[in-house]
Amino acid sequence: MSPSDAPIAIVVHGGAGTILPENMTPEKEEDIRAALRSALESGYDVLENDGSSLDAVVETLVLLEDSPLFNAGRGAVFTHEGTVEHDASIMHGGTRAAGALTGVSTVRNPIRLARAILEHSEHVMMSGEGAEAFARQQGFDPVENEYFYTERRRQQLRNALSREETQLDEPENKDSDVDAGSEDGGPTGASDAPDVSKFGTVGAVALDRTGTISAGTSTGGMTNKRWGRVGDSPIIGAGTYAHNETCGVSATGHGEYFIRGVVTHDIAARMRYGGKSLQEAADEVVMEELPAIGEGGSGGVIALDAEGNIAMPFNTPGMYRGYVDADGNIVIKIYGEEHEETNGDE
């Protein structure tokens with residue numbers, strides 16, 4: 001097969017959770033679909049012009065980080081202290097080089113910093129002030145933390161703090177030590193069954209003409225998070241993984257469970273050692289293994305293999321997702337198949 005005949009493809013997610021048509025205004029749905037389409041088209045354009053899958057993933061995620069619609073970059077959620085912190089990671093499936101960061105608050109596009117760590121550092125993961133110092137060394141212009149603030153996210157923090165205060169005032173409540181939130185504002189606590197609204201993490205996986213798969217993930221984490229909590233998004237093998245011999249995967253969901261399940265690597269391992277297809281491996285992990293860890297094992301993944309096959313399983317009512325397949329078809333979906341209308345496929 002000549003390079004010009006080699007398949008290219010890209011798949012993206014913007015979060016999973018309780019996403020139902022009755023809870024979505026037509027205007028909001030149109031905005032989300034447009035943002036996903038724009039990001040996909042931008043990444044696919046890179047691939048069509050023989051760009052690398054790493055370039056395509058970064059290009060795609062930068063657009064989503066710049067959108068206030070998703071829990072990443074400019075639309076990220078607030079911590080308990082009323083600030084915004086970011087986690088991100090990226091991985092190259094050919095070399096299995098990776099870059100990741102956590103607790104960063106002054107970098108406009110965290111996925112760009114993740115790539116800089118991959119390409120210009122001997123380390124894989126950096127955190128907080130150290131990651132920001134490295135960013136400055138690499139020529140990143142810092143932004144004020146206020147750049148990331150949106151009123152919608154601030155209100156979600158107020159709601160989470162109010163719920164927390166109410167539960168602390170009720171000693172009989174077994175979950176009165178609630179101190180975190182969902183990836184998009186619903187409360188979580190000691191229970192394995194958090195009241196999850198939506199996980200707004202963004203991710204992308206791309207396949208270029210050289211057969212190289214790259215994957216990346218970016219998030220603002222949990223509303224009302226504290227104590228330096230780190231989710232799965234910056235953890236290679238949990239939130240992001242890529243290996244040319246198997247697949248690339250990006251995850252979105254309740255991060256603690258994805259860490260415990262080593263979800264993205266598990267999918268690749270089932271393909272490599274168990275001979276599973278991409279769809280079989282992804283379905284088993286998301287639909288069987290995650291829920292088996294506990295009732296909080298909710299979320300989904302996007303995945304792509306070297307032939308351009310795509311899988312997007314999720315065990316929540318919906319997941320913002322879309323792809324451009326090896327034939328150039330663009331598909332964008334939000335809801336579960338039972339709710340997806342004709343305009344879900346574009």
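**A glutamate and its sheet**

Mentor: Glutamate 284 touches Arg270, Lys276 and Glu289, leaving aside residues up to four places away in sequence; contact here means heavy atoms within 4.5 Å. Residues are numbered from 1 along each chain as its sequence is written, and side-chain values use heavy atoms, without hydrogens or water. The model is predicted: local features need pLDDT of at least 70, side-chain atom pairs count only at pLDDT 80 or more, and totals for chains, interfaces and linings use all residues.

Glutamate 284 sits in helix α8. Helices (H or I, at least four residues) and strands (E, at least two) are DSSP runs, numbered from the N terminus. Glutamate 284 counts as buried because its relative accessibility is 17%; buried means under 20% relative accessible area, exposed over 50%, and partly exposed in between, with a 1.4 Å probe and protein chains only. With lysine 276, glutamate 284 makes a polar contact, side chain to side chain, at 3.0 Å. Such a contact is a pair of N or O atoms within 3.5 Å; within protein, one must be able to donate a hydrogen and the other to accept it, and residues adjacent in sequence count only if both atoms are side-chain atoms.

Helix α8 covers residues 278-293 and lies across β11, β12 and β13, running at about 165° to β12. Axes are lines fitted to C-alpha atoms, for helices over the stretch in contact, and angles run from 0 to 180 degrees between N-to-C directions.

Now the sheet. It is open and has 4 strands, in the order β10-β11-β12-β13, with antiparallel pairing. Pairing requires at least two DSSP bridges between two strands. Strands β11 (residues 247-253) and β12 (residues 299-305) run antiparallel and are joined by 7 bridges. Within this pair, glycine 248 stands opposite leucine 304 of β12. Helix α7 (residues 263-274) also packs on the sheet, where it touches β10, β11 and β12, and its direction makes about 145° with that of β11.

Arginine 229 lies in the loop between β9 (213-219) and β10 (240-242). Arginine 229 has 15% relative accessibility and therefore counts as buried. Its side chain makes a polar contact of 3.0 Å with the side chain of glutamate 256.
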